[in-house]
Amino acid sequence: MRYTQENARILAIDECAPGIYNCTLSAPRIAASASVGQFVGVLCEGYTLRRPISLCGFDASLGILRLVFEVRGKGTAWMAKRQAGESFDLIGPLGHGFPLLDPSKKAVLVGGGIGTPPLLPLAQHYGENAVVIPGFRCGTSAILTDDFTAAGAQVILCTDDGSAGFHGFTTQALQTWLDAHTCDVIYTCGPKMMMKGTAELAAARGIDCYVSMEERMGCGVGACLGCACMTQDEDGADHMVRVCLNGPVFDGKEVVWG
């Protein structure tokens, strides 16, 4: 794996929902080689292990990256306290991203919580041919809906408590949508049970589905084996693979969900 270590200057950082932060960085070398669905490793002060953060956006011509992350521990809490003008020590881009079809194809993007950000570049690729089904605990925790709409995508917002959009799970909304429409490909990122359900709905209809796994990572570059997950090949043989190196994106049919 080839990746770059870069001292990325923070251009802007703000809290876009309770405990969730939107950060724009100047990282021209990483941005130049990034692809949809990859991630970066952020070195947090006082910690040896980097925090893996998916790319919510990148622009090679401008040399910028966009990260949207949730405070889940001391490392991400340190990140949230940084200000414009400071820097993050990054390595990236890491992992293998989403395969892209022709933008004229119909795509459905299913996201859960903080698994939603890596789906935004997909919506920008497919534009008006994308349907986005993001799920959140409540309306106040919903993020990026305006960004998806600005990309031209149709958004079917789901909330657990019914405070905004569809009251229920993303898989329920997906099943309803698939019963009335056709699509060429489904992409998903978020909680494992949500991705499992999404992949099963896709498989039952013969639709290609790509999942972005969110295993806990140690090194982020394939050395420590801490993020291993089970996959199965076409002959039915099981294989342990590293999410950070062989993924994070896999064909939904090859993941052994357990």
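Among contacts in the protein chain between residues at least 6 apart in sequence, what percentage join residues at least 24 apart? The share is 62%, where contact means heavy atoms within 4.5 Å. The structure is a predicted model, in which local features need pLDDT of at least 70 and side-chain atom pairs count only at pLDDT 80 or more, while totals for chains, interfaces and linings use all residues. Residues are numbered from 1 along each chain as its sequence is written, and side-chain values use heavy atoms, with hydrogens and water left out.

The protein chain contains seven helices and 16 strands, assigned as DSSP runs (helices H or I, at least four residues; strands E, at least two) and numbered from the N terminus. The radius of gyration is 18 Å, close to the 18 Å given by the globule rule for 258 residues, so the chain is as compact as a globular protein of that length. This radius is taken over C-alpha atoms, and the globule rule is 2.2 Å times the number of residues to the power 0.38. Along the principal axes, the C-alpha atoms fill a box of roughly 50 × 45 × 35 Å.

Of the 258 residues, 51% are buried; buried denotes under 20% relative accessible area, exposed over 50%, and partly exposed in between (1.4 Å probe, protein chains only). The chain exposes about 11,800 Å², of which carbon and sulfur atoms supply 49%. Accessible areas come from the Shrake-Rupley method with a 1.4 Å probe; for residues, only the protein chains shown count as cover. The mean positions of the 19 positive and 26 negative charges are 7 Å apart. Lys and Arg count as positive and Asp and Glu as negative, with His and the chain ends not counted; the place of a charge is NZ of Lys, CZ of Arg, CG of Asp or CD of Glu.

Leucine 55 is in strand E4 (residues 51-59) and is buried at 1% relative accessibility. Beyond four places in sequence, leucine 55 touches residues including Ala34, Phe39, Val40, Leu65, Leu67 and Pro117. The C-alpha atoms of leucine 55 and alanine 34 are 8.6 Å apart, with a separation of 21 residues in sequence. Leucine 119 occupies the loop between strand E7 (107-112) and helix H3 (120-126), and its relative accessibility is 0%, which counts as buried. Its contacts, neighbours within four places aside, include Phe98, Leu109, Phe148, Tyr187 and Cys189. Tyrosine 187 is 68 residues from leucine 119 in sequence but 7.8 Å away in space, C-alpha to C-alpha.

No disulfides, defined as pairs of cysteine sulfur atoms within 2.5 Å, were found in a search of the whole structure. The sulfur of cysteine 16 is 8.6 Å from the closest cysteine sulfur, in cysteine 56, and is therefore too far for a bond. For cysteine 44, also in no disulfide, the nearest cysteine sulfur is that of cysteine 23, 11 Å away. Cysteine 16 is partly exposed at 35% relative accessibility, whereas cysteine 44 is buried at 2%.

Backbone geometry was also examined. Cis peptide bonds join glycine 92 to proline 93, with omega about -5 degrees, and glycine 247 to proline 248, with omega about 10 degrees. Proline 93 is in strand E6 (residues 87-94), while proline 248 is in the loop between helix H7 (243-246) and strand E16 (249-251). Leucine 144, a residue other than glycine, has a positive phi near 70 degrees. Leucine 144 is in the loop between strand E8 (130-136) and helix H4 (145-150) and is buried, with a relative accessible area of 8%.
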